[in-house]
Amino acid sequence: MTTPLRRREFLAGSGGVGLAGVAGCLEAAEDGPGAADDGAVEHPSADAAAIVSQHRLATDAGLEVLEGGGTAADAAVAVACALSVVEPWFSSALGGGTWALYYDAEVEEVTSVDGVGPVGAEATVEDFEERAGDDGIHQAIVPGAWDGWMLWLERYGALDLAEVLAPAIDLGREGYPISPEMAGWLDRGADEIGDRSAAAAIYAPNGEFLEEGDTVYQREMADTFESLAEVYADRLDEGESEAIQAARDHFYRGPIADAIVEYADEHGGYLTREDFRGFEAEIVEPISIEYGDVEVYQNPPNSQGITQLLALNKLAAHDFSGLESDDADAVHAQVEAIKLAFADRYHHVGDPDRVDVPVDELLSEEYAASQRDRIEMDEAREWPIDSGIESTDADHTTTFHVVDGNGNAAAVTTSLGAQFLVIGDTGIHINNRMRMLAVDEGNPNRLTPGYKVRHTSNPYMALRDGRPYVLGGNTGVDTQPQGQTQQFLHVVEFGLDAQEAIDHPRFVSTAFPSTQYPYEYENTVQVESDYPSALIEELENRGHDVEEGGSFGSATMIVVDEDGDRVQVGAEPRISTAEGRVSPPDEG
């Protein structure tokens, strides 16, 4: 018997029939460029399975699980755990948090998993503010991802935990080559890593940092995954639920929590054993809007996913006909809608258990219409920007998507924090999510012990006629809902395929306070260098302060055609390891 969904009181939008898109976010405001991937992949079969992630070894892990009889949920957890091994600076199934969407084809239902833990009980605004700009265990919240993944396996999985974890365990033990991106992050964090014995033992095992192409091992992480599989197996004869609970307890009420809290006690962290014992992830209802004949789903607050829906709601009535994706009118309208959406995020979105988030009102058609009227097509708005509703008082990430042969689908954005802080001999890389909490009074995202950060991870999915359509995500803290809005429109309004949408240059607005400390705003539009000069000149004529250059996050996408019998995969060309694959059904 499954646990009923928790329905947040603020919930808006219609319930779901269709596909759960997979998306994710790197939680880094700036990512290094990567080499191009193979390009779009498609396969004409209603039973084709597809996976796209930021690392080909993680994509392979997910396909291995699908081919072994696993569901999209099994494969998604396998991908998340494999990414913990091969991309440990961006996400961790053991040390991070996640928001994810799932479409269960059997019951035609979309759900959202809230795998985000709270701020530690010993945190104070005064102490944190003094150290907000420094890395360390004081930046960590309770890592909620593992509990979320266990909920998925219990409700949607078909395989034993050992089968799901096997690829990650093998990768950790056998090692893998360091990618150009990983080498860059190691170089960036060399001073901090060198001062941390557990991290240095992995990344500088002989006193010299590993370099691109060298083999790196995550043996201690593999041991931790294996310990979780073992406690699961020990209880499996009592039933699947009991075995899953044993794996949850081993983490949150057993030796893993003990190791993390002990490290926090020794290094000035805020986490307590009670924080872990009292935490449980939840499967909750998503929020959604209608964009023409498409239903777009997002994760509810405390996720920032509503930001994308707010932007799309404002653009739903905009006439894009006759425009190309690089036309000034098209880009200007998106930029201005995004600014207003982020103003609403800033003024209203936090942990709904702590502040009243007016989701129904924010996503109403009446509010969208009033906000559209604020967009001037010949003028750029600057921060400060008021919300249209009275204010409430109050990454580093990776993205991947999975569709299985039975029509189930998973959209995942899972995050860590890129600080290479390893907990003792567990191999667990811990998050630094508290850098995304505000310290000013009245802010709905203000640091409060026991409550959750406004989490930037926000994968989305789009359904058309109750069938899979778009699964997408973009990484990069505040870039996430902006890049996702752009990639969605590239497909729905401008007719690009999945790979073309991911390849397309991106822009980001900075006309709102940054999520990350020190929360600055710049009132610029930053554009990748591939945009045409005529567009940049026209944006400047409308009052935009345009900055050229850089790369804004990474993205992945799956697009399913109207008949549901052809799948396109878009992998990030800015990441050298990204790969999407479509697996044809077993012919034998």
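Y252 and F279 are both buried, where buried denotes under 20% relative accessible area, exposed over 50%, and partly exposed in between, with a 1.4 Å probe and protein chains only. The model is predicted, so local features need pLDDT of at least 70 and side-chain atom pairs count only at pLDDT 80 or more, whereas totals for chains, interfaces and linings use all residues. Residues are numbered from 1 along each chain as its sequence is written, and side-chain values use heavy atoms, with hydrogens and water left out.

The structure holds 18 aromatic pairs. Rings of Phe, Tyr and Trp (for Trp, its six-membered ring) pair if their centres lie within 6.5 Å; planes under 30 degrees apart count as stacked, over 60 as edge-to-face, and the rest as tilted. Helices (H or I, at least four residues) and strands (E, at least two) are DSSP runs, numbered from the N terminus. Both W146 and F225 are buried.

The rings of Y252 and F279 have centres 5.5 Å apart and planes at 45°, so this pair is tilted. The pair links distant parts of the chain, with Y252 in helix α10 and F279, 27 residues away, in the loop between α12 (273-277) and β8 (282-284). Elsewhere, ring pairs link W89, F90, W185, Y203 and F420 into a cluster.

Aromatic rings also meet charged groups. A charge sits over a ring if NZ of Lys or CZ of Arg is within 6 Å of the ring centre and within 35 degrees of the ring normal. R219 lies over the face of Y217, at 4.0 Å from the ring centre, and the charged end of R464 sits over the ring of Y469, 3.9 Å from its centre.

The nonpolar interior comes next. In soluble globular proteins, nonpolar side chains tend to be buried together. A nonpolar core is a set of buried Ala, Val, Leu, Ile, Met, Phe, Trp, Tyr and Cys residues joined through side-chain atoms within 4.5 Å. The largest such core has 90 residues, and those with the most contacts inside it are W146, W149, W152, Y203, F225, F276 and V402. Helix α2 (residues 72-86) supplies the largest share of this core, 13 residues. Apart from it lies another core, of 57 residues, among them A330, V359, A462 and L535.

What surrounds F276, leaving aside its neighbours within four places in sequence? With contact meaning heavy atoms within 4.5 Å, F276 is in contact with V142, P143, F251, Y252, R253, A257, I260, V261 and L271.

R253 also takes part in a salt bridge with D249, the closest N and O atoms being 2.8 Å apart. The term denotes a side-chain nitrogen of Lys or Arg within 4 Å of a carboxyl oxygen of Asp or Glu. R253 is partly exposed, with a relative accessible area of 31%, and D249 is likewise partly exposed, at 28%. Salt bridges that share partners join R506, E528, E572 and R574 into one network. A search of the whole structure finds 18 salt bridges.

R248 forms a salt bridge with D147, the closest N and O atoms being 2.6 Å apart. R248 lies in helix α10 (residues 240-252) and D147 in helix α4 (residues 145-156), so the pair ties together parts that are 101 residues apart in sequence. R248 and D147 are both buried. In helix α3 (residues 125-131), R131 and D127 stand four residues apart, about one turn of the helix, and their side chains meet in a salt bridge of 2.7 Å, N to O. R131 is partly exposed, with a relative accessible area of 22%, as is D127, at 27%.

Helix α16 (residues 365-372) has Y367, A368, Q371 and R372 buried. Seen down the axis of α16, its buried residues fall within an arc of 140°, so they line one face of the helix; the arc is that of the directions from the helix axis to the C-beta atoms. The buried residues of α16 pack against α13 (306-315), α14 (328-348) and α15 (359-362).
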